[in-house]
Amino acid sequence: MKQNKKHTAKPIEAIVHGVFLVAGLITVGCVLLITVYLIISGLPAIKEIGLIPFLFGKVWASTAKTTEPSFGILPFILTSVYGTCGAIVLGVPVGFMASVYIAKLAPKKLKAVMQSAVSLLAGIPSVVYGLVGMLVLVPGIRKLFNVPDGASLLAAIVVLAIMILPSIIKVSVTALEAVPKEYEDASLALGATEVETHFKVSVPAARSGIAAAVVLGVGRAIGEAMAVMMVSGNAANMPGLFESVRFLTTAVASEMSYSGGLQRQALFSIALVLFVFIMLINAALNFFLKRDKEA
Amino acid sequence: MEANEKSILSVKELCLWYGNHQALKNINIDIPKNSITALIGPSGCGKSTFLKTLDRMNDLIPDVKITGSVEYKGEDIFAPGVDVSELRRQIGMVFQKPNPFPMSIYDNIAYGPRTHGIRNRAKLDDIVEKSLRGAAIWDEVKDRLRKNALGLSGGQQQRLCIARALAVEPDVLLMDEPTSALDPISTSKIEELAMQLKEQYTIVIVTHNMQQAVRISDNTAFFLLGELVEYGKTEEMFSQPTDKRTEDYITGRFG
Amino acid sequence: MNKKLSPGRRAYTAGMKALMYASTAAIGALVLLLIGYVLYRGIPNITWKFLTMAPSILNDTIGIWPDILNSIYVVIATIIIVLPLGVCAAVYLSEYASNKRLVSIIEYAAETLSGIPSIIYGLVGMLFFCEFLKMQTTLMAGALTLVIMNLPTVMRTTQESLKTVPQSYREGAFGLGAGKWRVIRTVVLPGCVDGVITGCILSVGRILGESAALLFTAGIAHVVNGFFMGLKSSGATLTVALYIYAKERGEFGVAFAIAAILMLLTLIINLSAEAVARSFKNKRRI
């Protein structure tokens with residue numbers, strides 16, 4: 001009652017409350033906006049092409065003139081999945097080992113330096129990765145493996161592996177640092193060495209956080225567009241390590257500027273598929289973070 | 001007390017510095033085998049530091065300097081050839097706050113033996129049962145060995161930690177205020193357990209609780225400001241302390 | 001006791017250590033090489049003319065002055081909008097919201113936003129701002145898209161520093177009979193300055209580095225404009241310009257010069273974010 005009285009007495013309080021509430025709700029509005037727009041603009045093409053031929057069609061020929069254009073995005077889906085898996089396989093072990101070192105063993109100064117280096121890696125714009133990849137990695141792969149063009153899935157995997165390192169390391173280090181010192185003391189007192197203690201007690205204790213770090217890396221890898229576009233060759237082939245390939249993200253980006261009609265709508269449908277992937281990854285991330293908090 | 005064959009730990013002229021602060025000053029003490037030695041004294045007097053020195057748990061703290069010697073079964077534990085891992089296997093430690101690993105009860109106990117290379121399943125099962133029985137907690141947990149250890153009560157967790165320490169077959173058990181975080185019933189269970197364990201093990205226990213020292217220990221050492229003020233048979237020390245400071249402390253004039 | 005660690009355990013310890021050293025060293029080397037290479041290829045191409053001229057097809061020269069301006073405009077426009085929104089949302093969450101469900105919905109929304117890839121922002125920004133709101137491909141449409149992208153960042157850093165404002169301050173102010181808004185204005189907001197500044201710095205970094213979300217919303221023109229005229233017209237930021245010069249025109253010298261500039265900016269932004277965090281930490285301790 002008193003509260004209400006105050007509100008009527010001071011309309012400014014009510015107004016201010018309202019302003020803050022609206023600001024808080026804007027995030028929710030944005031998520032709804034994005035979801036609704038992607039669904040509305042993504043569904044028509046799927047309806048016209050058919051869900052199965054769209055998702056599992058192996059041929060993407062959106063601008064075919066002589067024959068009927070074909071809109072199968074299986075090559076993009078598989079490329080995104082393979083590319084992400086490849087980046088995880090390359091990036092996670094390196095990131096994980098470095099995280100344990102940075103969180104547990106590194107001397108104070110080295111730790112600070114490595115953490116700055118990792119932040120820097122996170123801050124470098126993706127086009128810069130793409131540029132260096134284009135001019136160093138792509139020719140390097142061409143020479144090393146003796147293939148006609150180095151712009152390939154492999155080049156994209158290497159670039160993505162580097163780009164997901166900061167997410168993996170930052171989140172893992174935080175999780176490892178949160179492991180109570182008591183666990184480590186107990187292990188040392190039983191005669192385990194420091195290294196044994198970190199890998200057999202600290203890492204299992206931080207496993208939810210480390211899993212979250214990997215999932216976050218998956219999200220970053222599957223969502224990256226520009227760097228991948230610059231090194232992957234960008235042809236709608238089924239994925240192969242040395243093939244020129246197109247990811248879900250780059251499929252959207254590469255044709256958007258000159259597309260129209262059903263082709264344009266199909267691009268929105270690709271974005272919708274990508275969005276579904278991201279939402280699944282977010283759900284997994286939340287699952288791990290929540291479990292981490294409970295533990 | 002003169003050093004004799006029965007002493008398992010023999011400390012001579014032990015000094016310890018954290019940076020510029022001297023935390024232990026010329027400690028000389030012989031700890032007899034198969035007995036309980038209580039370390040008492042006000043907070044910050046160095047008794048926990050002393051306890052940690054006995055299994056070299058202070059090694060990891062930067063800026064620690066140690067002089068003097070600690071002989072375990074006649075060998076200096078700070079000698080260059082000593083394997084810290086093996087030393088800590090033989091001298092186990094139980095901490096103030098129960099600290100089971102966030103794993104199953106079984107894995108907690110098996111952690112030590114596995115670390116020291118025992119992989120045989122049947123052998124591990126054996127060790128787990130023996131250790132849990134040794135810590136008088138077998139009957140309470142035998143049906144839930146695969147459950148997470150963090151689901152146990154505080155007192156059970158502490159006995160689990162004792163079982164975990166026993167699993168690597170130590171000779172000495174160092175206990176750093178093992179009952180300070182527990183309720184009276186759990187405390188008396190741990191005290192009972194300690195008195196049983198001294199048949200097989202040598203126990204050094206830090207305690208804030210003087211009644212506890214009287215109840216369970218054979219010998220008591222009184223620490224004050226990093227010095228060992230008095231050391232002797234528990235009954236004698238509590239009935240006729242030789243040092244004025246000891247008398248003041250045990251009669252509750254400070255602390 | 002003098003028994004050494006068993007060979008198996010020694011090998012395990014040494015092997016794990018070697019892997020940890022190798023991984024850490026590889027990352028350190030990677031960062032150094034990346035910076036070194038980009039600066040080495042880029043800095044020789046940076047001249048006064050290059051920085052201060054617009055590109056001219058007639059003279060066949062390339063200058064990045066318009067791109068620099070566009071970057072600055074987008075940063076300013078985005079920050080001006082996102083800061084108040086993010087800060088107010090954070091204040092609402094930690095000071096006003098009493099409905100737990102609403103809080104968790106808002107927080108979940110913020111988390112979702114921070115996980116959405118920028119290409120999707122670009123697409124939705126194009127559909128919503130450029131087409132639905134008829135803003136055309138303009139810097140303003142790009143800036144609004146980036147506002148949505150950076151909202152979670154500002155919210156999170158502000159919220160985190162609001163948590164460190166002691167509850168007793170609020171109670172003290174309420175005890176003196178101050179109204180809620182007055183308490184927030186005089187006690188709560190001054191306490192979260194560090195979070196706001198950190199969020200601001202991080203956002204500037206993200207805006208400068210963003211390309212996919214801007215390509216279809218802000219466009220690729222290289223024309224020198226004033227601030228308000230600029231916001232109403234299409235324009236490439238430095239990052240977008242880098243992409244265009246490298247991918248579409250094969251002007252690698254220009255691309256590396258821009259990359260070197262971006263690298264230096266990233267370095268400055270990271271260092272200042274660390275400095276801010278450190279100085280406020282010290283202040284808190286006293």
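Trainee: Which residue forms a salt bridge with B:Glu71, and how far apart are the closest N and O atoms?

Mentor: The partner is B:Lys12, with the closest N and O atoms 3.9 Å apart. B:Glu71 lies in strand 4 (residues 64-72) of chain B and B:Lys12 in strand 1 (residues 7-18) of chain B, so the pair ties together parts that are 59 residues apart in sequence. A salt bridge here is a side-chain nitrogen of Lys or Arg within 4 Å of a carboxyl oxygen of Asp or Glu. Helices (H or I, at least four residues) and strands (E, at least two) are DSSP runs, numbered from the N terminus.

This is a predicted model: local features need pLDDT of at least 70, side-chain atom pairs count only at pLDDT 80 or more, and totals for chains, interfaces and linings use all residues. Residues are numbered from 1 along each chain as its sequence is written, chains are lettered from A and ligands numbered from 1 in the order in which they are written, and side-chain values use heavy atoms, with hydrogens and water left out.

Now the surroundings of that pair. B:Glu71 is partly exposed, at 25% relative accessible area. B:Lys12 is partly exposed too, at 40%. The classes are buried (under 20% relative accessible area), exposed (over 50%) and partly exposed in between, with a 1.4 Å probe and protein chains only.

Chain B has another salt bridge, between B:Arg121 and B:Asp125, at 3.5 Å from N to O. Both sit in helix 4 (residues 121-134) of chain B, 4 residues apart, so about one helical turn separates them. B:Arg121 is partly exposed at 48%. B:Asp125 is partly exposed at 35%.

The total over all chains is 20 salt bridges. One of them is in chain A, where the side chains of A:Lys111 and A:Glu177 meet at 2.4 Å, N to O. A:Lys111 belongs to helix 5 (residues 108-123) and A:Glu177 to helix 7 (residues 153-177) of chain A, so this pair joins parts 66 residues apart in sequence. A:Glu177 is partly exposed, with 39% relative accessibility.

Next, chain A against chain B. Contact, meaning heavy atoms within 4.5 Å, takes 17 residues from chain A and 25 residues from chain B. The buried area is about 1600 Å², and carbon and sulfur atoms give 66% of that. A:Tyr183, A:Ala189 and A:Leu190 supply 37% of what chain A buries against chain B, more than any other three residues. Buried area is the accessible area (1.4 Å probe) that two parts lose on being put together, summed over both.

The rule finds 0 salt bridges between chain A and chain B. It does find 4 residue pairs in polar contact across that interface, both residues being at pLDDT 80 or more. Helix 8 (181-189) and helix 9 (194-205) of chain A each supply at least two residues of the chain A side. Helix 8 of chain A gives the most, with 7 residues. By class, the side of chain A that touches chain B has 8 nonpolar, 3 polar and 6 charged residues. Two terms need spelling out. A polar contact is a pair of N or O atoms within 3.5 Å; within protein, one must be able to donate a hydrogen and the other to accept it, and residues adjacent in sequence count only if both atoms are side-chain atoms. Ala, Val, Leu, Ile, Met, Phe, Trp, Tyr, Cys and Pro count as nonpolar, Asp, Glu, Lys and Arg as charged, and the others, Gly among them, as polar.

Now inside chain A. An automatic or database domain assignment sets the bounds. Chain A is divided into domain 1 (2-54) and domain 2 (70-294). Their C-alpha centres lie 31 Å apart. Domain 1 of chain A puts 14 residues into the contact and domain 2 of chain A puts in 14 residues. Together they bury about 1100 Å², with 77% from carbon and sulfur atoms. Salt bridges across this interface number 0. Residue pairs in polar contact number 2, both residues at pLDDT 80 or more. Helix 2 (11-49) and helix 3 (51-56) of chain A are the elements that give two or more residues to the domain 1 side. Helix 2 of chain A has the largest share, 12 residues. That side holds 10 nonpolar, 3 polar and 1 charged residues.
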